[in-house]
Amino acid sequence: MDFWRNRPPAAILALDSGLEETDWIMAKKRLGYVKLIWTCPRCATRNPGPNKFCNGCGAPQPEDVPFEQPAEAELIKDSGELARAKAGPDIHCPYCGGRNPAGVKFCGACGGDLAQGKARQKGRVVGAYRAPSGATRPCPACGTPNPLTSLKCSNCGSALPAAEGASPAAPAGAPPAKTPLLIGGVAAVLCLVAVVVLGFLFFQRDERSGIVESVAWERTIEIERFGPVEHQDWQDEIPSNASVSSCELEYFEDQPEPAPVATEVCGTPYTVDEGSGFGEVVQDCTYRVYEQMCRYTVEEWTVIDTRRATGDDLNPEWPEARLAANGERTGAEHESYTVTLRSDGAALSFAPSTAAEFAAFARGSQWTVTVNGLGAIVAVEPAR
Ligand SMILES: [Zn+2]
Ligand SMILES: [Zn+2]
Ligand SMILES: [Zn+2]
């Protein structure tokens with residue numbers, strides 16, 4: 001059952017492929033192609049994307065006139081149009097500027113060599129895709145209602161203006177505002193100043209004399225018992241000697257491919273300019289994978305108690321373990337020591353790491369203490 005989980009974690013894959021994690025998790029679902037439109041800069045006529053010349057005045061589409069998303073568009077079914085949509089971006093002739101389909105060697109308008117021609121931009125998001133809704137708008141010339149997908153009046157042939165709700169602006173990829181950049185810059189400078197100041201204080205040294213005022217120690221021993229312990233984990237992580245009590249499906253992770261137990265979550269479909277007068281309608285989808293999360297019991301050692309001994313002298317001792325007759329053992333042991341020195345009226349605390357080191361700090365003894373700018377002890381030596 002684990003065939004779809006035998007792969008590296010998403011974060012590692014994302015690093016390997018140089019993609020953002022979200023890019024990796026999202027799968028692009030291709031819904032089809034639509035005809036885009038372009039607006040003639042000479043006469044403002046809106047033309048079907050595949051048209052290389054304006055329906056109104058006959059002028060060719062200039063290189064810098066972008067394709068736009070129509071208010072509503074039908075997915076293309078015609079196989080010839082589909083082939084043209086997938087052919088790749090059109091090329092503008094370097095001599096006359098005319099638009100030519102991808103793969104053509106010589107300009108259809110002037111016969112010029114297209115080897116140096118400039119391919120149209122491809123991949124820009126032109127807007128959220130809207131399927132035909134059946135809504136209409138009246139022709140400004142004769143009043144006949146026309147569907148939002150039409151560019152020309154079905155009755156009189158007049159050019160129809162852009163419908164409300166047409167979305168030439170791309171929903172994604174807006175340039176970031178300048179203000180957050182400025183705030184970010186100020187924050188970065190403040191951070192740098194803070195690091196410099198802290199670094200200075202950290203490395204600053206101040207020697208003073210101190211007298212041991214008090215000492216303290218603590219030693220602990222953990223007591224462990226062998227017995228059943230309940231755990232929870234994904235089904236395939238459960239040890240073989242466990243007895244499973246119950247399992248239920250829980251969200252595991254998002255991934256780009258469908259899985260046996262997964263729900264598909266998709267964003268709004270949007271249209272991407274193919275550079276050919278057509279747009280590809282895509283949708284970003286992710287699959288929420290569910291797996292069995294189980295409760296299980298295993299027999300193992302667990303900490304059931306901690307024995308503790310403390311004191312304020314220089315003779316630390318280990319506490320008595322006092323184990324039950326069977327099924328118990330001692331576990332981890334810990335020791336900690338504290339010395340408090342009085343220096344210039346202030347109390348400075350210091351933690352020797354071993355019992356041998358601790359033993360030298362007799363109450364009332366004199367020491368030379370080195371303190372950094374942050375007030376922390378960095379060295380303690382016998383007074384000379
Ligand atoms: Zn025109
Ligand atoms: Zn040409
Ligand atoms: Zn009309």
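C142 is partly exposed, with a relative accessible area of 34%; partly exposed is the range between buried (under 20% relative accessible area) and exposed (over 50%), using a 1.4 Å probe and protein chains only. The model is predicted, so local features need pLDDT of at least 70 and side-chain atom pairs count only at pLDDT 80 or more, while totals for chains, interfaces and linings use all residues. Residues are numbered from 1 along each chain as its sequence is written, chains are lettered from A and ligands numbered from 1 in the order in which they are written, and side-chain values use heavy atoms, with hydrogens and water left out.

- Ideal angles for four tetrahedral donors are 109.5 degrees.
- C139, in the loop between strand 8 (136-138) and strand 9 (145-147), and C156, in the loop between strand 9 and helix 4 (178-203), link distant parts of the chain, 17 residues apart; helices (H or I, at least four residues) and strands (E, at least two) are DSSP runs numbered from the N terminus.
- C139 counts as buried at 4% relative accessibility, whereas C156 counts as partly exposed at 38%.

**Zinc ion (ligand 2)**

- C93, C96, C107 and C110 coordinate the zinc ion (ligand 2) through their SG atoms, at 2.2 to 2.4 Å.
- Angles of 102 to 117° among the 4 donor atoms make the site of the zinc ion (ligand 2) tetrahedral.
- Along the sequence, the donor residues of the zinc ion (ligand 2) are spaced C-x2-C-x10-C-x2-C.
- C93 sits in the loop between strand 4 (91-92) and strand 5 (99-100), and C107 in the loop between strand 5 and strand 6 (118-119), so the pair ties together parts that are 14 residues apart in sequence.
- Both C93 and C107 are buried, with C107 at 5% relative accessibility.

**Disulfides**

- The whole structure holds 2 disulfides, a disulfide being a pair of cysteine sulfur atoms within 2.5 Å.
- The sulfur atoms of C247 and C294 are 2.0 Å apart in one disulfide, which is right-handed, with 110° about the S-S bond.
- C247 belongs to strand 11 (residues 243-255) and C294 to strand 14 (residues 278-311), so this pair ties together parts that are 47 residues apart in sequence.
- C247 is partly exposed at 35% relative accessibility, while C294 is buried at 0%.
- C266 and C285 form a disulfide with sulfur atoms 2.1 Å apart; the torsion about its S-S bond is about 110°, so the link is right-handed.
- This pair links distant parts of the chain, 19 residues apart, with C266 in strand 12 (residues 262-266) and C285 in strand 14.
- C266 is partly exposed, with a relative accessible area of 31%, whereas C285 is buried, with 1%.
- Counting bonded cysteines along the chain, the disulfides follow the pattern 1-4, 2-3.

Technical notes
Donors are N, O and S atoms within 2.8 Å of the metal (3.2 Å for Na, K and Ca); water is not among the atoms, so sites may look incomplete. Four donors count as tetrahedral if all angles lie between 85 and 135 degrees; four count as square planar and six as octahedral if opposite donors are over 155 degrees apart and all others between 65 and 115; anything else is irregular.
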